[in-house]
Amino acid sequence: MTDRLDVAKSVELYRRACALFPGGTQTNSKRATAFAPGAWPIYFADSHGCRVTDIDGNTYIDYVSALGPITLGYCYEPVDAAIREQLGRGIISGLLSPLEVEVAEKVCDMVPCAEMMRFMKGGAEATSASARIARGYTGKEIILNSGYRGWSDIWAAQAGNPGVPDCFEQTIEGFPRDDLNALEDLLNKHQGNVAMIAVDVAGGTAAPQEVVEGIRRLADEHEAVLMFDEIVTGFRMARGGAQEYYGVTPDIGVFAKGIANGMPIGVVCGKREIMACAKDLIISITYGGEALSLAAASACLDIYEREPVQEHMWSQGEKLQRGFEAAAQASGVPFKCYGPSVMHSMRFEYEDDALNADVWTLFLQETAKRGVLIRRGGLLFITYSHDDEAVEESNAVVAEVMPIIAEALEAGEVREKLLGGEVEESFRSFA
Ligand SMILES: Cc1ncc(COP(=O)(O)O)c(C=O)c1O
């Protein structure tokens, strides 16, 4: 095996991109500096099933899966066929597409909280719409939030991000997801003025059942709207998302990634009484009824209805968790997988943060060189196209790489083994 993965064309194109795009990419988490820069692919030429091919001609089993939207697999034929069919009839027009109603009815059948909804184009739009609806409905102002909800001012205000007016900071407060006491303290502090509690109950790690139920109880006691951000959990943990998995129904659910296998569509849905007030709010986008995404969503929802997509993702994820952890243990590397196996997170558990970061870079570099793409820390996004062959191949690659990590550590040479450039944090977390 040659020492270095040949990603020369990717690196050259990225050099041009960095002169054109602040940060080099459209998605902060896809910055080359978030992976193993110089030793990891950057641009794709083709993607099919669970595999992507980069512009240098290398093919990989991919677990980044576009950061979650790909649930069925790349170029999944029944979904692509639905998009092509709609393309032949038009993308969007001055008249509405019947697909709006068709998809909405399917979402209502599948998602426990869904009685009414609005379609958006992405996650941040949909979470932002949920904030406006909750504030419009309750007449209250404060949002209590745990986790990343997207780039808009509403959410970015929580972390005091530059570019957001200071006064917005008073409208949102963060809480640690699994700390019911902290949430209750905030509800008491803002007594009578909390419009919404927003939480992703299973991104990264899954909240304990009693925490999810406790959040529901506290929202009821304080008459706050409860919103579940299901952008990563939706149509993945269960067809109806984390709310179906836990049997706890929020007032509003927000979905995006998993609904259309990569086509850009977000959904803010919820109880009729609450959602109905959106009629009089400024929540309106030109592309809300764009029919290619709706056609893809309709096809995906049919497949979720008929086929064991989520069951497959859970079981393949479990095999990968077991394989990765066994490989780490055999090499004496402190490594663990956390969270739901449909999208688990992973940690190297060295106490030194800088060492941990370097170990990750080495791990990404060596797994990519052997044909597997994994995101630093996860989430490991499994799809319906990750078949047994792909899973076994991935486990074999990780079994080869863990001893390399162990040897580098033993020799105190992790840094020396890194072939690429510096890694930087790709974006600030709000949690
Ligand atoms: C839980 C969660 N909420 C919201 C968002 C924002 O979605 P988008 O990037 O589509 O705006 C993301 C994106 O990763 C997410 O993971």
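**Helix packing, ligand shell and backbone details**

Leu-379 is found in strand β14, which covers residues 378-381. In this predicted model, the peptide bond that leads from Gly-378 into Leu-379 is cis, with omega near -5°. Ser-65 belongs to the loop between β3 (59-62) and α2 (77-87).

The protein averages a pLDDT of 95, and 97% of the residues score at least 70. Residues 427-431 are a stretch to read with this in mind: pLDDT stays under 50 there, and the model has 15 contacts beyond four places in sequence for these residues.

Turning to the helices, two packed helices are described by the angle between their axes and the distance between the axes. Helix α11 (residues 309-331) packs against helix α13 (residues 388-410) at an angle of about 25°, and their axes are 8 Å apart. Because angles under 35 degrees count as roughly parallel, α11 is roughly parallel to α13. The crossing of α11 past α13 is right-handed. On the α11 side, the contact is made by residues including Leu-320, Gly-323, Phe-324 and Ala-327, while those of α13 include Val-391, Val-398, Met-402 and Ile-405. Sorted by class, this contact of α11 with α13 has 12 nonpolar, 5 polar and 1 charged residues.

Helix α13 also meets helix α12 (residues 353-369), with axes that come within 10 Å and cross at roughly 140°. That angle makes α12 oblique to α13, and the crossing of the two is right-handed. Val-359, Leu-362, Phe-363, Glu-366 and Thr-367 are the residues of α12 in this contact; they meet Val-397, Val-398, Val-401, Ile-404, Ile-405 and Ala-408 of α13. The residues of the contact of α12 with α13 divide into 9 nonpolar, 1 polar and 1 charged.

The ligand is surrounded by 14 residues, of which the closest are Gly-122, Gly-123, Ala-124, Gly-150 and Ile-231. Helix α4 (residues 123-138) gives the most to this shell, with 3 residues. By class, the shell around the ligand has 6 nonpolar, 5 polar and 3 charged residues.

Technical notes: Residues numbered from 1 in each chain as written. Predicted model: local features only at pLDDT ≥ 70, side-chain atom pairs only at ≥ 80, totals over all residues. pLDDT = per-residue confidence, 0-100. Contact = placed C-beta atoms within 7 Å. Axes fitted to C-alpha atoms, helices over the stretch in contact; angles between N-to-C directions. Helix = DSSP H or I, 4+ residues; strand = E, 2+ residues; numbered from the N terminus. Parallel < 35°, antiparallel > 145°, perpendicular 65-115°, else oblique. Left-handed = near helix turned anticlockwise from the far one by under 90°. Nonpolar A, V, L, I, M, F, W, Y, C, P; charged D, E, K, R; others polar. Near = placed C-beta within 6 Å.
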